[in-house]
Amino acid sequence: MHPFDNIVIRNNADLQRDITQGRNIAHSRSITTRMMGLIDANGQGNVHGGVIMHMVDEAAAIVAIKHSQCSRVVTARVETFDFLAPAFIGDVVSIPCEIQYVGRTSMEIGVKVLAENPRTGEIRHVASSKVIYVALDENGKPMPVPPLVPANEEEQKIIERARNHRLYRQRINEELKQAEEGQE
Ligand SMILES: CC(C)(COP(=O)(O)OP(=O)(O)OC[C@H]1O[C@@H](n2cnc3c(N)ncnc32)[C@H](O)[C@@H]1OP(=O)(O)O)[C@@H](O)C(=O)NCCC(=O)NCCS
């Protein structure tokens with residue numbers, strides 16, 4: 001059997017998904033960690049931004065897969081991506097991610113990127129990002145995901161902040177669209 005056939009069979013295995021069953025933020029929280037090597041960096045030893053972005057996409061997708069129990073999630077939008085400090089060869093980069101908002105089929109994941117010098121223990125906050133994923137069914141169409149139900153007050157605040165941010169973004173997008181239409 002072709003190895004890819006095995007992957008398809010495993011990913012399509014019958015899984016009882018109960019999308020009415022809400023899940024909290026802690027359920028899917030995840031940390032991805034890797035030490036930066038030569039191929040990750042430029043001649044000065046600084047890690048490429050693209051390497052960090054790739055790691056963020058992978059790390060955040062894990063959270064979306066865990067929340068939705070759907071292995072087919074696609075990146076719909078990189079909402080924000082701010083590089084705050086450099087990472088260097090030899091640093092241990094860790095990427096804690098958590099789900100912060102859920103629509104019908106989309107999931108917004110908040111991401112932090114930290115770089116630790118493992119000799120000194122110095123930790124730098126390298127980047128922050130918010131990425132939106134959409135769960136797809138076997139026909140490649142968006143499919144509903146379980147609601148996000150806060151487990152406590154702290155989670156409630158995270159969800160509330162993300163909801164406000166989303167409403168604010170929608171308002172800005174509408175205003176920009178109107179302004180562009182006005183210029184035509
Ligand atoms: C993302 C994608 C599946 C959306 O498909 P679509 O036909 O536009 O689907 P819909 O309009 O029904 O939107 C589905 C959900 O995605 C959200 N969405 C779609 N495009 C979005 C965008 N650019 N930004 C934020 N959310 C978006 C919608 O708000 C909706 O969310 P909700 O169900 O929670 O309300 C489709 O555009 C796509 O396949 N894009 C390519 C994805 C890809 O290849 N990514 C890179 C590699 S993984």
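Which residues are around the ligand? I began with this question, working from a predicted model. I found V74, T75, A76, R77, G103, R104, T105, S106, I132, V134 and P142 around the ligand.

**Entry: the shell around the ligand**

I then looked up which elements supply this shell. Two or more residues come from each of β2 (73-83) and β5 (123-135). I noted that β2 gives the most, with four residues. By residue class, the shell divides into five nonpolar, four polar and two charged residues. I also checked how the two contributing strands are related: β2 and β5 run antiparallel and are joined by nine bridges. Within this pair, V74 stands opposite V134 of β5, and both of these residues belong to the list around the ligand.

**Entry: the chain as a whole**

The chain holds four helices and five strands. Read from the N terminus, the order of the elements is α-α-β-α-β-β-β-β-α. The C-alpha trace spans about 60 × 45 × 40 Å along its principal axes. I noted that 24% of the 184 residues count as buried. For contacts between residues at least 6 apart in sequence, I recorded that 74% join residues at least 24 apart.

**Entry: the sheet**

In what order do the five strands stand in the sheet? I read the order as β1-β3-β4-β5-β2, in an open sheet with antiparallel pairing. β1 and β2 each have a single partner strand and stand at the edges, so one side of each has no neighbour in the sheet. From one strand to the next, the twist averages 25°.

- β1 and β3 run antiparallel and are joined by six bridges. Here T32 has I95 of β3 as its bridge partner, and S30 has C97 of β3.
- β3 and β4 run antiparallel with eight bridges between them. S94 is partnered by L114 of β4, and the hairpin that joins β3 to β4 passes through three residues.
- β4 and β5 run antiparallel with 11 bridges between them. V111 is partnered by S129 of β5.

The hairpin of β4 and β5 has six residues between the strands. I noted that G121 in this hairpin takes a positive phi near 85°. I also looked up the burial of β3 and found this strand mostly covered, with eight of its 11 residues buried.

**Entry: helices against the sheet**

Which strands does α3 lie across? I found that α3 lies across β1, β2, β3, β4 and β5, and that its direction is at about 135° to β4. Helix α4, residues 153-183, lies across β3 and β4 and runs at about 75° to β3.

**Entry: the nonpolar core**

In soluble globular proteins, nonpolar side chains tend to be buried together. With this in mind, I looked up the largest nonpolar core, which has 34 residues. The members that touch the most others are V56, A60, I109 and V111. At least two residues of this core come from each of α3 (49-68), β3 (92-102), β4 (106-116) and β5. I noted that α3 gives the most, with eight residues.

Leaving aside neighbours within four places in sequence, V56 is in contact with I95, V111, V113, S129 and V131. I95 in turn is the β3 partner of T32.

**Entry: D40**

Is D40 buried or exposed? I placed D40 in the loop between β1 (30-35) and α3. D40 counts as buried because 22 other C-beta atoms lie within 10 Å, and the cut-off for burial is 20 or more. Beyond the neighbours within four places in sequence, D40 is in contact with V47, H48 and V51. I also looked up its separation from F83: D40 and F83 are 43 residues apart in sequence and 16 Å apart in space, C-alpha to C-alpha.

Notes: Residues numbered from 1 in each chain as written. Predicted model: local features only at pLDDT ≥ 70, side-chain atom pairs only at ≥ 80, totals over all residues. Near = placed C-beta within 6 Å. Nonpolar A, V, L, I, M, F, W, Y, C, P; charged D, E, K, R; others polar. Buried ≥ 20, exposed ≤ 12 C-beta atoms within 10 Å, placed from the backbone. Contact = placed C-beta atoms within 7 Å. Core = buried A, V, L, I, M, F, W, Y, C linked by C-beta atoms within 7 Å. Pairing = 2+ DSSP bridges. Axes fitted to C-alpha atoms, helices over the stretch in contact; angles between N-to-C directions.
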